[in-house]
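User: I would like to learn how to read the features of a protein model one at a time. Could we take the general idea and then the case at hand?

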Amino acid sequence: MMDLRPIRDVTFDVITIFPEFFASILDYGLLKRASAGGQASIRIHDLRDFTEDRHRTVDDRPFGGGPGMVLKPEPLFRAVEAIGKTGPGVLERPLPVILLSPQGRLLNQRIAEELAGESRLVLICGRYEGVDERVATGLATDEISIGDYVLAGGELAAAVVMEAVTRLLPGVLGNEESPRQDSFSEPAGKDDGLGARGLLDCPHYTRPPEFRGMSVPEVLLSGDHGAIRRWRRRQAIARTWQRRRDLLQQATLDAEDVKFIDELRRASATSNTED
Ligand code: 9WO
């Protein structure tokens, strides 16, 4: 059959004071494969190339006092303006500009899918004690956090965003369909990164069938594909119920799933003396 897959690719422009940091990320794994395959284009820009003084100054002392240094606005504005004049889709406006910061909206699979719909993404990596707030208010169109912890800078967060977005692009995971499209042939737990339909993944095993007294569940060795599918589904639901009950509100559940959750609830109520 002819290739009917839509052409979808994303160009990332990363602005950083540590361009060499990204060498290993682009040299291995999914991002390397997607670059070679043309689904992702990753361009790393040294913030110092957008300074105008002979010391290539990117930081300055904070107004109001306090420890450490703050990234100056001018080089970041100049960098985004220069990047906006180059690359694919130059005439498409506005260019999405993401500042990675703990103050941003918390990254999840839904946001990764939203970003995977863009053809270009500029990622700004902060450093030092912070970034001049005018970058957040007057330059960035979006602010994203990868979790509620403090890092030394935005570079690792930018790499996380690029990997989460790139694996969603058609053709990157080997499957020609976009992985967010539900597919009958897809095993549970492989279609949206949170397990099938917003659940945590089921457990996985490989050989040997017994290792240091720990056995692989019998059903997985049975060859009964219907029983295996039901077991995996129930494991995914049970683990989500035990570890991340918040995810179950959003999950797509059928009548059998709901019945199983009810059983989990009953079982925990009877083994719980408080209930
Ligand atoms: C430091 C700090 C200390 C006490 C309370 C809150 C605080 N926030 C910060 C902070 O944001 N420091 C930044 C560290 C300064 C700029 C570079 N840093 C950073 C962290 N850049 N990006 C992140 C990050 C963390 C999680 N998700 C995305 C980006």
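User: In which sense do strand 4 and strand 7 pair, and over how many bridges?

Analyst: Strands of a sheet pair through backbone hydrogen bonds, and the pairing is either parallel or antiparallel. In this predicted model, strand 4 (residues 70–71) pairs with strand 7 in the parallel sense, over 2 bridges.

User: What is the strand order of the open sheet of 5 strands, and which strands stand at its edges?

Analyst: That sheet is open as well, with the order 2-1-6-5-8 and parallel pairing. Its edges are strand 2 (40–46) and strand 8, and because each has a single partner strand, one side of each is left without a neighbour in the sheet. Neighbouring strands of this sheet are turned against each other by 35° on average, with direction ignored.

User: How many bridges join the strands of this sheet, and which residues are partners?

Analyst: Strand 1 (residues 10–16) runs parallel to strand 2 and is joined to it by 7 bridges, with His45 in strand 2 as the bridge partner of Ile15. Strand 5 (residues 97–106) and strand 6 (residues 120–125) also run parallel, joined by 4 bridges, and here Val97 has Val122 of strand 6 as its bridge partner. Strand 5 pairs in the parallel sense with strand 8 (residues 142–145) too, over 5 bridges, and Ile98 stands opposite Asp142 in strand 8.

User: Which strands of this sheet does helix 4 touch?

Analyst: Helix 4 packs on the sheet and touches strand 1, strand 5, strand 6 and strand 8, while its direction makes about 170° with that of strand 5.

User: How should I read the crossing of helix 4 and helix 6, and at what angle do their axes cross?

Analyst: For a pair of helices one reads the approach of the axes together with the crossing angle. The axes of helix 4 (residues 109–116) and helix 6 (residues 155–166) come within 8 Å and cross at roughly 75°, which means that helix 4 is roughly perpendicular to helix 6. Helix 4 makes the contact through Ala112, Leu115 and Ala116, and helix 6 through Val161, Ala164 and Val165.

User: Is Thr240 buried or exposed, and which residues does it touch?

Analyst: Relative accessibility is the value to consult here. Thr240, which lies in helix 8 (residues 225–243), counts as buried because its relative accessibility is 0%, under the 20% cut-off. Not counting residues up to four places away in sequence, Thr240 touches Leu199, Leu200, Arg245, Leu247 and Leu248.

User: What is omega near for the peptide bond from Arg207 to Pro208, and where is Pro208 found?

Analyst: Omega is near 5°, and this peptide bond is cis. Pro208 is found in the loop between helix 6 and strand 9 (210–211).

User: How many helices and strands does the protein have, and what percentage of its residues count as buried?

Analyst: The protein has 10 helices and 10 strands, and 40% of its 275 residues count as buried. Among contacts with a separation of 6 or more, 71% are accounted for by residues 24 or more positions apart. The protein exposes about 16,500 Å², of which carbon and sulfur atoms supply 53%.

Definitions and conventions. Residues are numbered from 1 along each chain as its sequence is written. This is a predicted model: local features need pLDDT of at least 70, side-chain atom pairs count only at pLDDT 80 or more; totals for chains, interfaces and linings use all residues. Side-chain values use heavy atoms; hydrogens and water are left out. Axes are lines fitted to C-alpha atoms, for helices over the stretch in contact, and angles run from 0 to 180 degrees between N-to-C directions. Angles under 35 degrees count as roughly parallel, over 145 as roughly antiparallel, 65 to 115 as roughly perpendicular and the rest as oblique. Contact means heavy atoms within 4.5 Å. Buried means under 20% relative accessible area, exposed over 50%, partly exposed in between (1.4 Å probe, protein chains only). Accessible areas come from the Shrake-Rupley method with a 1.4 Å probe; for residues, only the protein chains shown count as cover. Two strands pair if DSSP finds at least two bridges between them.
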